Number of protein chains: 2
Amino acid sequence: MIKKEFGMTDFDFKNKQNEGRALVSINRPACLSSTQVEAISQIAGPGNTSTNEYERTRYAYGKTSEEMMELGRQVVREIADLVVHPRNKQDVQNIVMYCNREKIPIYVFSGGSSVTLGLRPVKAGITLVLSTHMKKLLELNEKNQTARVQPGMFGPAYETALNHAPERFMARRRYTCGHFPQSFEHSTVGGWVVTLGSGQASSYYGDAADIVLSQEYVTPAGTFKTLDFTSTATGPKIHDIMKGSEGAFGILVELTMKIFRHMPANRRYFSFIFPSWKAAVSASREIAQGEFGHPAVYRISDSEETDRGLKLYDLPKPVDIILQKLGYMPMQRCLCLGNIEGDRDYTRLVKRKIKKTCKQHGAIYSGEYGAKKWAKTRYTEPCMREDLHDYGIIIDTLETSVTWSNLHRLHQNVRAFIKQRPKTISMTHASHIYPQGTNLYFIFIGRFDDIDDYRRFHRAIIGCIEKNGGSLSHHHGIGRLMAPWMEKHLGKVQMDVLRALKKHFDPNTIMNPGGQLGLDLEHQDTH
Amino acid sequence: MIKKEFGMTDFDFKNKQNEGRALVSINRPACLSSTQVEAISQIAGPGNTSTNEYERTRYAYGKTSEEMMELGRQVVREIADLVVHPRNKQDVQNIVMYCNREKIPIYVFSGGSSVTLGLRPVKAGITLVLSTHMKKLLELNEKNQTARVQPGMFGPAYETALNHAPERFMARRRYTCGHFPQSFEHSTVGGWVVTLGSGQASSYYGDAADIVLSQEYVTPAGTFKTLDFTSTATGPKIHDIMKGSEGAFGILVELTMKIFRHMPANRRYFSFIFPSWKAAVSASREIAQGEFGHPAVYRISDSEETDRGLKLYDLPKPVDIILQKLGYMPMQRCLCLGNIEGDRDYTRLVKRKIKKTCKQHGAIYSGEYGAKKWAKTRYTEPCMREDLHDYGIIIDTLETSVTWSNLHRLHQNVRAFIKQRPKTISMTHASHIYPQGTNLYFIFIGRFDDIDDYRRFHRAIIGCIEKNGGSLSHHHGIGRLMAPWMEKHLGKVQMDVLRALKKHFDPNTIMNPGGQLGLDLEHQDTH
């Protein structure tokens, strides 16, 4: 497909390019004084700090396409002066106090899956790696159905521990975390919360912001733990204020997460083919608003994504002919797939209701296979991005939140913008449905030789989303990538509130400084 | 029952006392200059301001027992200098700008149902009455299932308009607001949100904080409207920060609320009698965590509330004998009642599941009658409080949020504290269930002649709740009543965050000043 689309031949796939395998001389000495390095090393304990350039580079990068492109071309951006692996929250507190006194910038690396340049140490200073030591499940409370966990625990380790609660915690039941972002294997519990992530089953379990019950933070303005109440009327909630703070206010050192009963035997899969995107959207809205319960995973693909998906899934020719005879035409038909979790009778009811609703909107039920296949490859498929990069093909994504009433305008205009570029694939899906709206996930694939060329195109899509009434992000966060649009998006009065909070928590601007969330953009280029 | 409990006779109910019907000379001249009164009157337009002492008193009072007791004894506390009825948000903006310049305190009165002294104008200044003009449903968006509404609209008017959406807005469906606090008839949409209220059907529809989609505020630091997205990852949400701000940051002038399909025909009622409070709590937790959907109204009463309730509901003697034979003993058995809303098949499923769960925990199903009767009188029963007050009997309530694992400790200790006082009725129920916890609603009834005696007892119960791990409030808010406990409850570091926000939004301390939320307590007695 790629060959055909981009007019490439086997020859083009013979030699990889820009793999970034050459030895790079970074030669960037640490700016911290030896006294400072020594003091921080004292706090963190033996073997938990490093000034090694490879380490400093490794923990300075997230997962954006432009970072991959740059590294492939031996371009190394800002790195921290010192990498620190704190052992526990007391270490973090001591380090923050020391750095605040010495005005040393602090960055945080946990899973390192940021696609928003959220962890780039643009002011040097130190990077705290939370996923080295601070990755334990500390306590399981079955009565409250909560887990107390450290921020650096990776998704699979966390989920495995919950699934094995009877063996590991002598619990009466098995549990699930309910949060399965595409980055699941490469992201951590703390990262989910501070960036406001959403898992693929969020339509049932809620977004990370809904799943976290309380948080403990270390900030230059003090350390605190929010209370464990599910619902209170005790004024504006600091718990809410910290969600999405992306390291700019302080460091999340412990969380209490809601957990859910693990009942995989009750899971029911479904897939449908709709005659059109409009029909798929209408059915999805009805499902979100129908008040009969909610699916866990629920996704609809637009016509181009459907077409390419059916090709990748090897839709048998005879089936395709029948589909077309029934009116499900290529580049019009849309795929819907998902699953339902919860109590056995509940999943039966919700599946029945979804089937009925989809059929009322002209869909044909296409079995469980597609959804099961999707579930199997959902974490590995994105890795294709790395492989194709080496042949000059860039796959990238941008995502947004949108109200139902603005969905078609936004989809049409952003898609049209992407398609303006010659030989560019544009695929879109909605993967998180709410009664009041959904998200849109835009994927574009094209050949990009020049980083600036790619960057201009990528940034123009963001501008196009913003202009057409989409949010700057549904679940990737802001980081430094979206920062320049923040003030326009929220308005100055609201940005001033965030800046006031920044000033309160971090008067010396040491917490993830240099443009994060657009809070200290004016200083970005003065370093 | 009251007579028996408090050793009273018919004679005691012959003459009312402390009705507060005598003419009071308040004689409190306005402190605003005539220029200021004139300027504000100019902004608000003819007929929309008043310096009349009756008006100023009327809008200076909420609904706490101590306010009722004081007024009954001709004690009049602080009143505003000027009552203003703004016509629209532009009026509010002009008034806030003017008052900020002149440093005139601004209080807000909407429904006036505060039971936390939340609207008491302790620094005089002006009171804005939002429920006079700003009470319209501005727009219904069926695609997004949202309603744009002004803050001063009362519950019944709002709900009626939504129920009649086809007639009033040419809508395709009827809708419900999903929010039915006991104060429904006396509270407004804006008040629900700024105090973090919860409706009686919150276990299904969510609390006010969940139901509001976006808000527009006028503050001394500027006017802004939060965006209408259901879920975004664009940093800490100003929308969340404003929820529960109780007039201390700014004035809520418009809201977009989520609305729900109005399907009263699908509603199913239920009631059960459990052998014990422990069994009722365990079943409730299982229902909240069972993942088969959620009831709308769901309440369990402790043994004393159950006993008194069954007496009031006139439980027939033969039924009582059977119940006791079956092991449901007086002062042990506990009543559970509620209803389920949503799709017809969904309500059937959830009712079946609730029945099964309750029976597994030893309950006997007692039909729909109790729940229907409760629903009929739920808004009028509290009025008994006013009648009994005139005979020296005070009914009052305090409510809290609690985790499942701390529920019994909190209930036992607070109940024991209340029962220490001779001849005092103590009734408790849980009326909002979540997977991680519930609320507890403590009702006490006693004879109180002296206001200070009442106040000491009331405040001691708050202290007892706080000490035993309950939140300061589940849905009444903080106001000035709970303010003295705020710093202890949240800790200084978190209170400092709220104070930083206060300072940002309201640098001249004109927004609901004098202790609200505990933010400017140090100034409380200096006026």
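This is a predicted model: local features need pLDDT of at least 70, side-chain atom pairs count only at pLDDT 80 or more; totals for chains, interfaces and linings use all residues.

My entries below cover a strand, a sheet and a pair of helices.

Entry 1: I started with strand E14 of chain A, residues 334-340, and asked how many of its residues are buried. I found 7 of the 7, so the strand is largely enclosed by the rest of the structure. For "buried" I used the cut-off of 20 or more other C-beta atoms within 10 Å of the residue's own.

I then checked the faces of E14(A) separately, and both are covered. One side carries Cys334(A), Cys336(A), Gly338(A) and Ile340(A), and the other carries Leu335(A), Leu337(A) and Asn339(A).

**Entry 2: partners of E14.** Which way does strand E12 of chain A run against E14(A)? The two are antiparallel, and 7 bridges join E12(A), residues 268-274, to E14(A). In this pairing I located Ser271(A) opposite Leu337(A).

Strand E13 of chain A, residues 297-301, also pairs with E14(A) in the antiparallel sense, over 4 bridges. Here Ile300(A) stands opposite Cys336(A).

**Entry 3: an open sheet.** Next I traced 4 strands of chain A that form an open sheet with mixed pairing, in the order E1-E2-E4-E3. Which strands stand at the edges? They are E1 (49-50) and E3 (106-109) of chain A; each has a single partner strand, so one side of each is left without a neighbour in the sheet.

Within the sheet I looked at E2(A), residues 82-84, and E4(A), residues 126-129: they run parallel and are joined by 3 bridges. Val84(A) stands opposite Leu128(A) there.

**Entry 4: helices across the sheet.** Helix H5 of chain A, residues 89-102, lies across E2, E3 and E4 of chain A, at about 170° to E4(A).

**Entry 5: two helices together.** Last, I took helix H12 (residues 277-289) and helix H15 (residues 344-360) of chain A, whose axes come within 9 Å and cross at roughly 145°. The crossing of H12(A) and H15(A) is right-handed. Which residues make the contact? H12(A) supplies Ala283(A), Glu286(A) and Ile287(A), while H15(A) supplies Ile354(A), Thr357(A) and Cys358(A). By type, I logged the contact residues of H12(A) and H15(A) as 4 nonpolar, 1 polar and 1 charged.

How values were computed. Residues are numbered from 1 along each chain as its sequence is written. Chains are lettered from A and ligands numbered from 1 in the order in which they are written. A residue is buried if 20 or more other C-beta atoms lie within 10 Å of its own, exposed if 12 or fewer, and partly exposed in between; C-beta atoms are placed from the backbone. Two strands pair if DSSP finds at least two bridges between them. Two residues are in contact if their C-beta atoms, placed from the backbone, lie within 7 Å. Axes are lines fitted to C-alpha atoms, for helices over the stretch in contact, and angles run from 0 to 180 degrees between N-to-C directions. A crossing is left-handed if the near helix is turned anticlockwise from the far one by less than a right angle, and right-handed if clockwise. Ala, Val, Leu, Ile, Met, Phe, Trp, Tyr, Cys and Pro count as nonpolar, Asp, Glu, Lys and Arg as charged, and the others, Gly among them, as polar.
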